[in-house]
Amino acid sequence: MSDLPNTLPRPPEELGRLTNAWAFPRGFSVITEVNNNLIGPLFVATALVFLLLAGLLGVLIRLQLAVPGLTILDPDTYNQVFTTHGTIMMFLFSVPVVEAVGIALLPAMLGAREMPMPRLGAYAYWIYLIGGTAFFCSLFFGAAPDGGWFMYPPLTGKAHSPGINTDMYLLGIGFIEISAIAGAIELITGILRCRAPGMTLGRMPIFGWAMLVFAGMVIFAFPAVIVASTLLELERAFDWPFFIPERGGDPLLWQHLFWFFGHPEVYIIFLPAAGMVSMIVPAMARAPLLAHSLVVLALVATAFLSFGLWVHHMYTTGIPGLSLAFFASAGFVVSIPSGLQVFAWIGTLASGKKVQIATPTLFIFGFLFIFSLGGLTGVMVSVTPFDWQAHDTYFIVAHLHYVLIGGMVFPVLAALYYWAPCVGAPLSERLGKWVFGLLFLGVNLTFFPMHFAGFMGMPRRIYTYPAGMGLEIPNMLSTIGALIALAGGLLLFFDLLRNFRPQNGGGNHWGAGTLEWLPNYNYGPRSLPAAHSRYPLWDRPGLADEVEAGGHYLPSTITGLREGLVVSPSEGTPQYVAVLPGPSWAHLVAAVGTAGFFLVLTVEWVVPAAAFAALALAAFIRWLWTGTDYGVIGSGQGHIGGGIVLPTYVTGPMATSWWAMSALMLVMGSAYACLIGSYLYLWLVNGDGMWPPAGMGLPLLEWGGAALLLYLGGGAVMLLAGAMLRRRGVLPFWGMPLALLLFGAGYFADYSALWGAGLRPSQHAYSAACYAMFFWQGVHIAVAFIMALYTQARSWAGMIDGTRRLTFDNTMLFWLYTAGQGAVGIVLLHGFPRLL
Amino acid sequence: MRRLLPLLALLPALAGCSGIQTPLDAWGIQAARVATLSHVLFWGGAVIFLITMGFLTLAILAPHGVRRAMASHRFVIGAGILFPVTVLTTLLVYSLGLSRALTMPMSEEPLRIEIIGRQYWWEMRYLDLGEGAVTANALHLPRGREVELHLTSGDVIHSVWVPNLHGKMDMIPGRVNRQRLRADRVGTLRGQCTEFCGLQHTLMAFDVVVQEPEEFDAWIARQRAPVPEPQTDELRRGMQVFGEAGCGACHAVRGTPWNARIAPDLSRVGSRATLAAGALPNTHGNLAGWIAAPQDIKPGNAMPAYARSLEGSDLLALASWLESLR
């Protein structure tokens, strides 16, 4: 054991310090805990409850369709039920559950103690829980959305859907997307920066790769649906006509934005599941994953290609043949990486001595069966003429359920049975086999006949169908199948409730090779192992004992607080020890405030909504004030073992917060790109001559020019203040006030350019598009203001100086982004129509 | 829920016959091409699926030598890249050719028909056949002649689907989508809305009547002509009720002062096979029942109920008059 970084045995008080720092609050206050070992499993459990609820809605649909002419659900309720079923499955189950598995397992799998921003993760969980529950309950008040999970206007416009049902979707789901994005930012930072020493990207487990790609996709895809929801809500609330053709809008704009999110969404759901399979298959086959690098490449390639597929959902909208040919080809290409992975798994199963046949393996087989079938029908529907027939029929219902249940539910269930012993007690093998059998039979019996129903003329989203068209038998079979699947689902919950108990420690139940099978506690592994290969536990059989004895890195806590090791993104070289926040009420209150704000806004109670917003803001500030930017503690450095001395506080591009802020800037950038895209799309639909339409002017150039200069000036002041802070160690007194003044004046000039030209948002899609960009900029200016005031307050409190400047750096990054975004917007609004 | 009970009674009404709404029984050249494509895809897909599952079985159960051969990069690249690339390239060439053939016009002068989707019914206008060539919820087509459908919407997005003739095409407000098709067999088919369009999306179907060209011409001529004068007292009373009850504020009847376009054109409603966009078979009783209680049969449609405002005898007279418009 001479090659261990820390000498053994360890001093006895070391473990106590570690345990104390990471201890959970007792009693009820345990809900303030942010540890991923608690939030992760809670998150998974909540997502599974939503799976059950949405599954029950699916069974209701099947009961209504069992025979022609049933009236179990009236048409209105039926429409709410199928809309909620789809919406919950997509937004409240699929995306959260993979994010949850990531939060629960990734730190352990990557050899880290914790995620880099545990409070953000906990906040994401709580808004999801509160918002999701409220969303589901809207069904009981008949206020659930009823326009389909795809929410196409004009049906969802104010004229055709005056009720609050649509707002429930736009606002209720809209802010749950914040949870997904917050989770994605945390995952990206965590995967790239919080790994075991020496775990290069090449040695990182596939699930880490899959979650990295997942998070990257969330960052680029979710802003599109947020923008779409915002535009539709602006149209509904204030009559800005983005989707109303009489005033220059176009219903298809929504479809482009929605599917630009919606198609990648399918892969956002599938890739993490594929990542889970790539972890389970090698463990069960006792052999390394075959073609590891190709599988990584397949994940990345799928992510890129999936953004070129959105028109697949729009083959019947009358889009020109040439673009259809392009998208059809892209659809073929994207099936190749998935096929490649399937054969890599089959090859891996063939490469071990003998495959362990247990419940996880059965779910993997079920996955391969169901997903292959769904993938093949996926190739079929990407053939344009075939899709003209199959589109919006039960053939598609069959296809999408094969892909999603096969490609995501089965792998998640495999993961549940596989990793349960990793975070707690194992589940029952006997019950597990029954669960698998019932679900496999039920799912196939439910969805296979739907292929036929579709080709016998049954469209989607209908609450009944005529007798005599040959639809009775397939529908009856589907209903029976749904009941069998329901029995399987209930048995799964029974197994979970009876057998699963979270507990620390745990052994290497399946004899797997990756780090999550090390003994794991609140603080993660006792010491952080160096990773020298892709399967460290196979290559170094004594690793678990060494880690447990504290022989590896950072066996204790340097500052006495919770800490995580931060490494360089590609090589995994240790860079610093980050102090992590612990339990707090602040993020919880912030979650209540955020959820309350959006939900109350749905019913247009403006005053309570404002109160919730103020509550959330106060809680955010408290959270930031007490839980971030600790500055230098003690000597500011410490030994982690192996002769390595690391700082406990860093700033600049090495800090994780810089990475998180950069990821946030990507989110904001892609949202803004979607807005620019919407502006240009509306121009394309209206034509040069109608942009602006006759009788409407261009934004006033002199005001626009002034706004441009003021925005850039505001950015420059912030840069200058940063330089002074570095040189003199104090924030110049004029920095924040001057920057605020310039931004405020810039925004006023921005406004004058539009209003002064006589433009009003509800006149036409042209003016609405201009004001949409102006509105968006306004939201950023408002956040920038709050951040600047906060920074000023920290400075007055003596919490910002030349060394302690994380807070300032974050504000500066956001500020520069906002200045840049404002400048781009002005160039577009003023320059583009003048160039036409 | 109780007010939906009448739906149960309509069950036989909803009945169609097997084969009148399926892509697999092609009545025209476009649908025939897609049907062939579908069979190629189904069988090709089935074979590939079986091969994949065969490999999976081998990977677990096969003797050592076979499994070793599969545990190689060669296997993964061969089965996971080379094979799909070959198959998909072939399929791409075939399908792009087919798409082209399907969108290529076959004749210079197709018969142009405008179909406007509305919540929850269809208006058909024959653009080249003169004034009054209008109908609702029934698309009449001459056999063997290429038609060009001009598809648009009066409210939300709908989609036309007559699978025995062609794939579906959306009706989008503010746009006109065109679709060419040709029916080669005489008889009646069923079409249905396939884009979710609101509460009664389910009950938004229509009949497609393919006729010999001369029968079609005769039908058009009758369609354009003024409706006959009512011959009996009951029919005269029915026509009078139509006016008094205000039906003409929404409906049109050719040759009368009533020519509104808000609701289906009723000029020859008696000749249609179904009522309320395919929701009911067109019988005297159903016609009267529909006028009396449309919100029980198809809740949320735009037709008000007349059960309270019309006397029983007037209701029946009105139904008789409408039925006489053939």
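View 1. The unreviewed UniProt entry annotates residues 43-63 and 75-97 of chain B as "transmembrane region"; UniProt positions follow the numbering used here, feature names are shortened, and annotations may be inferred rather than shown by experiment. This is a predicted model, in which local features need pLDDT of at least 70 and side-chain atom pairs count only at pLDDT 80 or more, while totals for chains, interfaces and linings use all residues. Residues are numbered from 1 along each chain as its sequence is written, chains are lettered from A in the order in which they are written, and side-chain values use heavy atoms, without hydrogens and water. Residues 43-63 of chain B are 90% helix and 0% strand, with 30 Å between the end C-alpha atoms. Residues 75-97 of chain B are 100% helix and 0% strand, with end C-alpha atoms 32 Å apart. Helices (H or I, at least four residues) and strands (E, at least two) are DSSP runs, numbered from the N terminus.

**View 2. An aromatic pair in chain A.** Over all chains the structure holds 78 aromatic pairs (rings of Phe, Tyr and Trp, the last by its six-membered ring, with centres within 6.5 Å; planes under 30 degrees apart are stacked, over 60 edge-to-face, the rest tilted). Phe363(A) and Phe410(A) form an edge-to-face pair, 5.4 Å centre to centre with 70 degrees between the planes. Phe363(A) belongs to helix 10 (residues 359-382) of chain A and Phe410(A) to helix 12 (residues 394-423) of chain A, so the pair ties together parts 47 residues apart in sequence. Both Phe363(A) and Phe410(A) are buried (under 20% relative accessible area; exposed is over 50%, partly exposed in between; 1.4 Å probe, protein chains only).

**View 3. A tilted aromatic pair in chain B.** The rings of Phe242(B) and Trp258(B) are 4.8 Å apart centre to centre, with 55 degrees between the planes. Phe242(B) is buried at 1% relative accessible area, and Trp258(B) is buried at 18%.

**View 4. A salt bridge between distant parts of chain B.** Arg185(B) and Asp25(B) form a salt bridge at 3.1 Å, N to O (a side-chain nitrogen of Lys or Arg within 4 Å of a carboxyl oxygen of Asp or Glu). The two residues are 160 residues apart. Arg185(B) is partly exposed at 36% relative accessibility, as is Asp25(B) at 27%.

**View 5. A buried salt bridge in chain B.** The side chains of Arg118(B) and Glu123(B) meet at 3.1 Å, N to O. Arg118(B) is buried at 17% relative accessibility and Glu123(B) at 3%.
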